[in-house]
Amino acid sequence: MNGVANSDGRRARIGFPNTTGRCYKWSGDLETPNRTPEKMSKRSVTSYDVAKAVGVSQSAVSRAFMPGAPIAEKTRKRILNTARELGYQPNAIARSMSSARKDLPQRSGMVGVIVTRLQDPFFANTIAHFSNYLQARGWHMLLFTVDSEAEVDDALNALMQYKIDGVIVLSAILSDHMAKACAAQDIPVMLYNRSATGLEVSSVEIDNFEGGRLAADLLREAGRERIAFVGGDVGDDTTKEREAGFTERLAEDGLAPFQQESGDYTFDGGREAGLRLLARQERPDAIFCASDVMALGVLHAARFELGLEVPQDFSLVGFDDIPSAAWPGHMLTTIRQPIRRMIQEAVSLLIERMENPELDPMVSRFPGTLILRESARYAGPSGRAAVTSRSP
């Protein structure tokens, strides 16, 4: 039976029955020196050189660089000091490829991360936070980018060759086949900002449906009636959920979206959608975009190509609350994702399963918050509200 967290972000355990990304090829020796320009022309320093200089075995050199490995502290210090003098550093990825996961306690310390749309500021910011939180917990991130969700399985298959201990997939879904392949190798999977019913994977996501309702609520309370929607990719689950909540709220007032456009989750796509919508003889009096990047594209089209202003000519609402949404030239009203809390939760859940493979997958869902700025009119004295945020 599946379980989902409450709207405050609390977790729920899920029980299950037993049941072409850009790959960066590694080549070379298992261990590589930490070279300086002066040493580049010299022969590479290896663990054999360090072992010979100290008078120990190569395995002792390897143990000296592994926290918690059985080796006398005095010997460890001698090895590390000699390695420093010779300019030697082990290659962590190569070492993990050659020796990781031979038994449960031994790990590579690597977490694979697969992301689409890395050019989107929201995902670039998200990746930076994931890297910080993983490093703070003693893990390292191996990043693969893909152009579309169809390439996720190929990227994951390539990542598994690096003996990763876990994997995070951002805003995309892996196949049932790959989910089972990961489970068979005790590699837990975390879906971020996406969920998948029936797969043996954990997930952390924003409540997209309620976020869409929040946006529609704001615009309806301000008396807007011709409300358009700009979504992302056709068939994208995130767009569908945000649009569904938005549409349901409008239907409660006997309305339907005035017009719907696709902005492909890009600035240029949002700009083009904005031109199509706002150049009409009867243009919308409000636009809700499924991402801030698209909303900023709409804003650019309105101001610099059509001579329109927000919120005087129409209200504009985005989704995500990327840093540039708050810039003085934008001041975009939007639905904020609590990405720090969400990423902390995702990292914690993933590490729990990496350290305890017998644990069942879990799902956490977080509410979005309406951030009121200057791009939309809203109910209140002179169209100004006394609060700066609102949650469902």
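Guide: A nonpolar core is a set of buried Ala, Val, Leu, Ile, Met, Phe, Trp, Tyr and Cys residues joined through side-chain atoms within 4.5 Å. The model here is predicted. Its largest nonpolar core has 68 residues, and Ile168, Leu170, Tyr192, Ile287, Phe314 and Leu316 touch the most other members. Helix α12 (residues 339–355) gives the most to this core, with 9 residues.

Visitor: Which residues is Ile287 in contact with, leaving aside its neighbours within four places in sequence?

Guide: Among them are Ala228, Val230, Phe314 and Leu316.

Visitor: What makes Glu248 and Arg213 a salt bridge?

Guide: The closest N and O atoms of Glu248 and Arg213 are 2.8 Å apart. The cut-off is within 4 Å, so the pair counts as a salt bridge. Glu248 sits in helix α9 and Arg213 in helix α8, 35 residues apart.

Visitor: Why is Arg213 called buried?

Guide: Buried means under 20% relative accessible area. Arg213 has 15%, so Arg213 is buried.

Visitor: Are Asp320 and Arg242 buried or exposed?

Guide: Asp320 has 7% relative accessibility and Arg242 has 3%. Both values are under 20%, so both residues count as buried.

Terms used: Residues are numbered from 1 along each chain as its sequence is written. This is a predicted model: local features need pLDDT of at least 70, side-chain atom pairs count only at pLDDT 80 or more; totals for chains, interfaces and linings use all residues. Side-chain values use heavy atoms; hydrogens and water are left out. Buried means under 20% relative accessible area, exposed over 50%, partly exposed in between (1.4 Å probe, protein chains only). Helices (H or I, at least four residues) and strands (E, at least two) are DSSP runs, numbered from the N terminus. Contact means heavy atoms within 4.5 Å. A salt bridge is a side-chain nitrogen of Lys or Arg within 4 Å of a carboxyl oxygen of Asp or Glu.
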